[in-house]
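Let's take a walk through a protein together, from the whole chain down to a single residue. Have a look at the model below, and then read on.

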Amino acid sequence: MKIVVIGGNAAGMSVALKAKRECKTAEVIVITKENQISFAPGALSFYLKGAIEDEALYARTPDSVRAAGIELYLQSPVIEVDTVLKSVTFLPHNQAQKGEKKTLTYDRLMIATGARPQDHPLKLKHYHNVYTFKSFFEVDRLKKARAEYKTMAVIGGSIVAVEVAQTLSSMGIKTYLIHRGAYPLDRYFGASEKERILESLDAQGIECIMGATIEAIKAGQLNPSTLTSLLIHQEQDTRWIDIDGAVLALGVAPNSELFGSLDGDGLETTANGAIEIDLYGEPSLQDHYA
Ligand SMILES: Cc1cc2nc3c(=O)[nH]c(=O)nc-3n(C[C@H](O)[C@H](O)[C@H](O)COP(=O)(O)OP(=O)(O)OC[C@H]3O[C@@H](n4cnc5c(N)ncnc54)[C@H](O)[C@@H]3O)c2cc1C
């Protein structure tokens, strides 16, 4: 049995290790874009604050996984999947620059390609002082530039947005939390809890701007790649706020581009591009999992 796993974080490594434990004779191969595995974004706030070192962001090391008998390809993006021939083609790290591809066949394929942070419709990711909060690279970039920021906006109202706002505020940064919903975390809590959350964030010095949309932006005159101001529309009120930087926490989009063309060919995707699976993680295509 040859099992190929695409993606080496929480989902991919759990499946790979479980498969190897359950079936010692199975050949288990993990292929991931990153140079590390088992990354835990839940600890990024602690890293940003300086409470932990970067090693603590990874639950396992590549060596420990290889020692468990798993073949691991790091920094090796998969560029093609053929579900009929049952093969994956990727750019192995050492050969990537030369454009040499490697193709492996599989008996079973686990698609654990995860998701990426979404941009704001005004394409804010394009500005160098705007960050997302999912990868080590982005949060490390923010950490290194932290001294430049006295005022920041966190855009979004999710758990990640609230966590980032609390972290920035605790680091002495004047923080705005800008959310189009009426309350932060409004998808998860009832009315009384939502009021208490708002009060608590206020007590932590976070200025919550709720029911708000960003209508326009200004960039620096000398440095047009720096975002400097946001035009906030809230009920009848429209005002500019000046910021030194921003964090986008607007949810994620599935990394399923590789499989979009297979839609209708057994591997169905939802409207947002996620691969449809049943209760057992099986898409409608036999021997393929997500
Ligand atoms: C700030 C933050 C805090 C969080 N806190 C918690 C928490 O406290 N508790 C909790 O349970 N969850 C938490 N989460 C959510 C949790 O981190 C995610 O659910 C989890 O990381 C998802 O893991 P995954 O393996 O499915 O996907 P991902 O982590 O997205 O990993 C997918 C991997 O696949 C790779 N990949 C993608 N495409 C390809 C390709 N073509 N070829 C090769 N490799 C590819 C990617 O590079 C990546 O390494 C948090 C998330 C964030 C952002």
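This is a predicted model: local features need pLDDT of at least 70, side-chain atom pairs count only at pLDDT 80 or more; totals for chains, interfaces and linings use all residues.

Now for the overall picture. The protein chain has 290 residues, and 44% of them count as buried. Its C-alpha atoms fill a box of roughly 60 × 40 × 35 Å along the principal axes. If you trace the chain, you will come across 8 helices and 18 strands. Among the contacts with a separation of 6 or more, 57% are between residues 24 or more positions apart.

How do the two domains meet? Across the boundary, 12 residues of domain 1 are in contact with 13 residues of domain 2. Together the two domains bury about 1100 Å² between them, with 68% of it on carbon and sulfur atoms. On the side of domain 1, the residues that lose the most area to domain 2 are Leu-44, Tyr-47 and Leu-48, which together account for 53% of what that side buries.

Next, find helix 5, which covers residues 136–145. Which of its residues are buried? They are Glu-138, Val-139, Asp-140, Leu-142 and Ala-145. These buried residues pack against helix 2 (44–49) as well as strand 9 (130–132), strand 10 (151–155) and strand 16 (245–248).

Our last stop is Asn-255, in the loop between strand 17 (252–254) and helix 8 (257–260). Is Asn-255 buried or exposed? A residue counts as buried when its relative accessible area is under 20%. Asn-255 has a relative accessibility of 19%, so it counts as buried. Leaving aside residues up to four places away in sequence, Asn-255 touches Thr-113, Gly-114, Ala-115 and Arg-116. For a sense of distance, compare Asn-255 with Leu-124: they are 131 residues apart in sequence and 20 Å apart in space, C-alpha to C-alpha.

Conventions. Residues are numbered from 1 along each chain as its sequence is written. Side-chain values use heavy atoms; hydrogens and water are left out. Buried means under 20% relative accessible area, exposed over 50%, partly exposed in between (1.4 Å probe, protein chains only). Helices (H or I, at least four residues) and strands (E, at least two) are DSSP runs, numbered from the N terminus. Contact means heavy atoms within 4.5 Å. Buried area is the accessible area (1.4 Å probe) that two parts lose on being put together, summed over both.
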